[in-house]
Amino acid sequence: MAFGAKGSKGESFLAVVVGGGAAFGLVVLTSRAWKACHVDVTGSVPNGLTLLFLGVPIALIVNLVLFTLVFRYAGKAFLFSLIAAAIAIAIADLALFSWQGTPAASPGTCPGNVPPWWPTWIPT
């Protein structure tokens, strides 16, 4: 059985590596955006704890499930399935960042809580 075969331990390993890495990147991106715009999401609880106990599990679950679904059903070619899963995770993480990374309910110093370093060509 090949490393990247559908339903194998290799697929699970790839899901954890790719999905976990993307989840970590999303949490770091959200943290940087909140710090740049002085967003206080939770009041008395620090933003870091919110991201650790709420942001990481949500991003990890979304990324693992999405990677597994897309990788298994994208096709028979390993590389095509891997690229399709990575693109799907990038789109999902962008949606999660737009939803919670720039919270409209929490006032910040940036317009729309979008940090000044965020590229204008990427929608939020």
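Start by selecting G10, E11, L14, A15, G19, A23, L26, V27, T30, A33, W34 and C37: these residues of α1 are buried, with buried meaning under 20% relative accessible area, exposed over 50%, and partly exposed in between (1.4 Å probe, protein chains only). An α-helix has 3.6 residues a turn, so residues three or four places apart point the same way. What do the buried residues of α1 pack against? Show α2 and α3 (78–101) and you have the partners; contact here means heavy atoms within 4.5 Å.

A word on ground rules before the next click. This is a predicted model, in which local features need pLDDT of at least 70, side-chain atom pairs count only at pLDDT 80 or more, and totals for chains, interfaces and linings use all residues. Residues are numbered from 1 along each chain as its sequence is written, and side-chain values use heavy atoms, with hydrogens and water left out.

Now colour all of α1, residues 9–37. Its 29 residues reach 42 Å from first C-alpha to last, close to the 42 Å expected at 1.5 Å a residue (the expected span is 1.5 Å times one less than the number of residues). Helices here are DSSP runs of H or I with at least four residues, strands are runs of E with at least two, and both are numbered from the N terminus.

Next, select E11 and R72. They form a salt bridge, with the closest N and O atoms 3.0 Å apart; the term means a side-chain nitrogen of Lys or Arg within 4 Å of a carboxyl oxygen of Asp or Glu. The pair ties together distant parts of the chain, E11 in helix α1 and R72 in helix α2, 61 residues apart. A search of the whole structure finds one salt bridge.

Stay on α2 (residues 47–73) and pick out L60. L60 counts as partly exposed because its relative accessibility is 31%.

On to α3. Its 24 residues should span 34 Å at 1.5 Å a residue, and the end C-alpha atoms are 32 Å apart, which agrees. Select S81, A84, A85, A88, I89, A92, D93, L96, F97 and G101 to see buried residues of α3. The cover over them includes α1 and α2.

In the model, residues 51–71 are 100% helix, with end C-alpha atoms 27 Å apart.

Finally, zoom out. The protein has three helices and zero strands, and its C-alpha atoms fill a box of roughly 55 × 30 × 20 Å along the principal axes. Buried residues make up 31% of the 124 residues.
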